[in-house]
Amino acid sequence: MTQCARWHRLPLDLAREAGSKAPGGHLDRAVRCHLSTHEGDEHYGFLTELDAYGTALWLRWCGRDKVEVVTLPDCPALSTGRDRDGCCLFAGHIQQHTWEGSREVASRTS
Ligand SMILES: [Zn+2]
Ligand SMILES: [Zn+2]
């Protein structure tokens, strides 16, 4: 997959909010959209894992001004290849799973 090239900085107030939800979690000052290249203006950048299993904090932004911190469950999809890679995105995301792409095509020859 080709990853979306959009970045967004983490605003200070949202960094505080994320920090209170995930104490001890490492937060980057800017995040890149984790989706593969997509239509539309809504982007999702991964912030940090949460203690609760299978959930993570994401920065969701739409255009320049609409930005928020959201808690989302992990995408449950596993690749069909031998490695059974997990998807690094959230449940219900648009576009491809993170393991889709070149490797998947290569393993389809069996
Ligand atoms: Zn994006
Ligand atoms: Zn997925």
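Confidence in the predicted chain was considered at the outset. The mean pLDDT is 88, and 92% of the residues reach 70 or more. Among the elements of the chain, the highest mean pLDDT belongs to β2, at 97, and the lowest to α2, at 48. Over residues 104-110 the pLDDT stays under 50, and for this stretch the model has 5 contacts beyond four places in sequence.

Cys 4 and His 43 are both buried. Cys 33 also counts as buried, because its relative accessibility is 0%.

The zinc ion (ligand 2) is held in the model by Cys 75 (SG), Cys 87 (SG), His 93 (NE2) and His 97 (ND1) as protein donors, at 1.9 to 2.3 Å. Angles of 96 to 117 degrees among the 4 donor atoms give a tetrahedral site for the zinc ion (ligand 2). The sequence spacing of these donor residues is C-x11-C-x5-H-x3-H. Within this group, Cys 75 and His 97 are 22 residues apart and link distant parts of the chain. Both Cys 75 and His 97 are placed in the loop between β5 (66-73) and α2 (102-106). With a relative accessible area of 10%, Cys 75 is classed as buried because burial requires a value under 20%. Cys 87 likewise has a relative accessible area of 10% and is therefore buried. As for cysteine pairs, the count of disulfides in the model is 0.

Between β3 and β4 the antiparallel pairing extends over 7 bridges, and Gly 45 stands opposite Leu 59 of β4. These two strands, β3 and β4, form a hairpin with 5 residues between them. Gly 54, in the turn of that hairpin, has a positive phi of about 80 degrees. On the β5 side, β4 and β5 run antiparallel and are joined by 8 bridges. Two of the residue pairs that can be named here are Trp 61 with its bridge partner Val 67 in β5, and Cys 62 with its bridge partner Lys 66 in β5. A hairpin is also formed by β4 and β5, with 3 residues between them. In its turn, Gly 63 has a positive phi of about 70 degrees. Strand β4 (residues 55-62) is largely enclosed by the rest of the structure, because 6 of its 8 residues are buried. In a regular strand, side chains alternate between the two faces of the sheet.

His 8 is located in strand β1 and counts as buried because its relative accessibility is 13%. Leaving aside residues up to four places away in sequence, His 8 touches Ala 30, Val 31, Leu 59, Trp 61, Gly 63, Arg 64 and Val 67. Among these contacts of His 8, Leu 59 is the residue opposite Gly 45, and Trp 61 and Val 67 are bridge partners. Gly 63, also touched by His 8, lies in the turn of the hairpin formed by β4 and β5.

Gly 24, by contrast, is found in the loop between α1 (12-21) and β2 (30-32). Its relative accessibility is 83%, so Gly 24 counts as exposed. Gly 24 and Leu 50 are 26 residues apart in sequence, and their C-alpha atoms are 10.0 Å apart in space.

Definitions and conventions:
Residues are numbered from 1 along each chain as its sequence is written. Chains are lettered from A and ligands numbered from 1 in the order in which they are written. Side-chain values use heavy atoms; hydrogens and water are left out. Helices (H or I, at least four residues) and strands (E, at least two) are DSSP runs, numbered from the N terminus. Buried means under 20% relative accessible area, exposed over 50%, partly exposed in between (1.4 Å probe, protein chains only). A disulfide is a pair of cysteine sulfur atoms within 2.5 Å. Donors are N, O and S atoms within 2.8 Å of the metal (3.2 Å for Na, K and Ca); water is not among the atoms, so sites may look incomplete. Four donors count as tetrahedral if all angles lie between 85 and 135 degrees; four count as square planar and six as octahedral if opposite donors are over 155 degrees apart and all others between 65 and 115; anything else is irregular. Two strands pair if DSSP finds at least two bridges between them. pLDDT is the predictor's confidence in each residue, from 0 to 100. Contact means heavy atoms within 4.5 Å.
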